[in-house]
Amino acid sequence: MRAVRPLIIILALLITWQAIVSITDAPPYMLPSPYEVALALIRQHAVLAMHARYTIAETVTGLFAGAILGVLTALPMAMFSPVRFWLMPILLVSQAIPFFAIAPLLVLWLGFGLASKIAMAALIIYFPVTVAFFDGLSRTETGWLDLGQTMGASRWRMLKYVRLPAALPSFASGFRVATAVAPIGAIIGEWVGSSHGLGYLMLHANARVQIDMVFACLLILCAFSITQYFIVDRLLRRLLPWQPDSLARHD
């Protein structure tokens with residue numbers, strides 16, 4: 001059933017989509033049918049693949065850049081209270097600013113190339129990774145800490161052998177969330193200013209009322225996001241064998 005279930009879900013969504021188009025009699029420039037979108041995918045596969053390559057590169061690079069930056073922020077926040085005192089308000093303020101307001105500045109500062117899109121993706125990823133990892137570091141079981149102190153572990157050994165392993169499951173949860181939202185930053189950056197990428201292609205297709213191309217770009221983005229999430233989830237499960245999935249026993 002695990003292999004068949006995704007196919008059943010995809011088939012049900014396609015049937016629902018086609019039913020909505022047939023019942024509402026929507027024109028193709030408002031809601032194209034799955035068949036028309038499939039034709040666009042086939043006919044324009046070279047253009048779509050070229051632009052998708054840029055978006056995927058921006059997303060993956062931004063994902064790891066944001067995760068590394070989040071780890072480097074959470075560690076000193078957990079280890080030194082003055083750092084936590086000054087950085088936490090900055091983190092909260094950074095989330096109060098709409099990302100659409102930051103994107104034009106990044107394009108202005110970093111240009112229309114990959115750098116501004118990677119920075120945008122990294123900014124969206126940065127907060128969930130930082131907060132999740134910091135929460136894991138700050139909520140280590142007191143019994144483990146007491147045991148480490150009893151055995152004479154230094155502060156850095158406590159971090160390496162106790163706090164970090166205990167915090168990695170929380171980091172994994174934040175990284176999974178970041179993986180799901182990573183394409184948003186790249187697409188926003190492409191909408192604001194770009195000469196390539198699926199976001200750029202969607203804008204131009206929408207301006208030309210080529211809605212089938214817009215839906216084709218959306219389908220590629222969905223497929224990439226789902227694939228990326230499951231790859232990361234499977235990798236994290238292998239790297240963190242001490243984090244059991246208790247729900248899997250009841251499936």
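User: How much space lies in the largest cavity of this structure?

Analyst: About 30 Å³ of space lies in the largest cavity, and the structure, which is a predicted model, holds one cavity of 30 Å³ or more. On a 1 Å grid over the protein atoms alone, a cavity is a set of points where a 1.4 Å probe fits but cannot get out, whereas a pocket is an open set with protein on both sides within 12 Å along at least five of seven lines, and lining residues have an atom within 4 Å of a point. A volume is the space filled by probe spheres set on the points, which are joined across faces, edges and corners.

User: Which residues line the largest cavity, and which elements give two or more of them?

Analyst: The lining consists of A52, T55, I56, L198, I220, L221 and F224. The elements that give two or more residues to this lining are α3 and α10, where helices are DSSP runs of H or I with at least four residues, numbered from the N terminus. By class, the lining has six nonpolar, one polar and no charged residues; Ala, Val, Leu, Ile, Met, Phe, Trp, Tyr, Cys and Pro count as nonpolar, Asp, Glu, Lys and Arg as charged, and the others, Gly among them, as polar.

User: What does the second largest pocket look like in terms of space and lining?

Analyst: The second largest pocket has about 230 Å³ of space and is lined by 13 residues, of which L168, F171, F175, L236 and L239 lie nearest its centre. Helices α3, α8 (155-192) and α10 (211-239) each supply at least two residues of that lining, which divides into 13 nonpolar, no polar and no charged residues.

User: Is T59 buried or exposed, and which residues does T59 contact?

Analyst: T59, which lies in helix α3 (residues 45-79), is buried, with a relative accessible area of 0%. Buried means under 20% relative accessible area, exposed over 50%, and partly exposed in between, using a 1.4 Å probe and protein chains only. Leaving aside neighbours within four places in sequence, T59 is in contact (heavy atoms within 4.5 Å) with A182, P183, A186, F224 and Q228.

User: How do L114 and P34 read on that scale?

Analyst: L114, placed in helix α6 (residues 114-138), counts as partly exposed at 35% relative accessibility, and L114 touches Y54, E58 and H196 when residues up to four places away in sequence are not counted. L114 and A186 are 72 residues apart in sequence and 9.1 Å apart in space, C-alpha to C-alpha. P34, in helix α2 (residues 34-43), is buried at 16%, and beyond four places in sequence P34 contacts L14, W17 and Q18. The C-alpha atoms of P34 and L14 are separated by 6.7 Å, although these residues are 20 apart along the chain.

User: What should I keep in mind about the numbering and the model?

Analyst: Residues are numbered from 1 along each chain as its sequence is written, and side-chain values use heavy atoms, with hydrogens and water left out. In this predicted model, local features need pLDDT of at least 70 and side-chain atom pairs count only at pLDDT 80 or more, while totals for chains, interfaces and linings use all residues.
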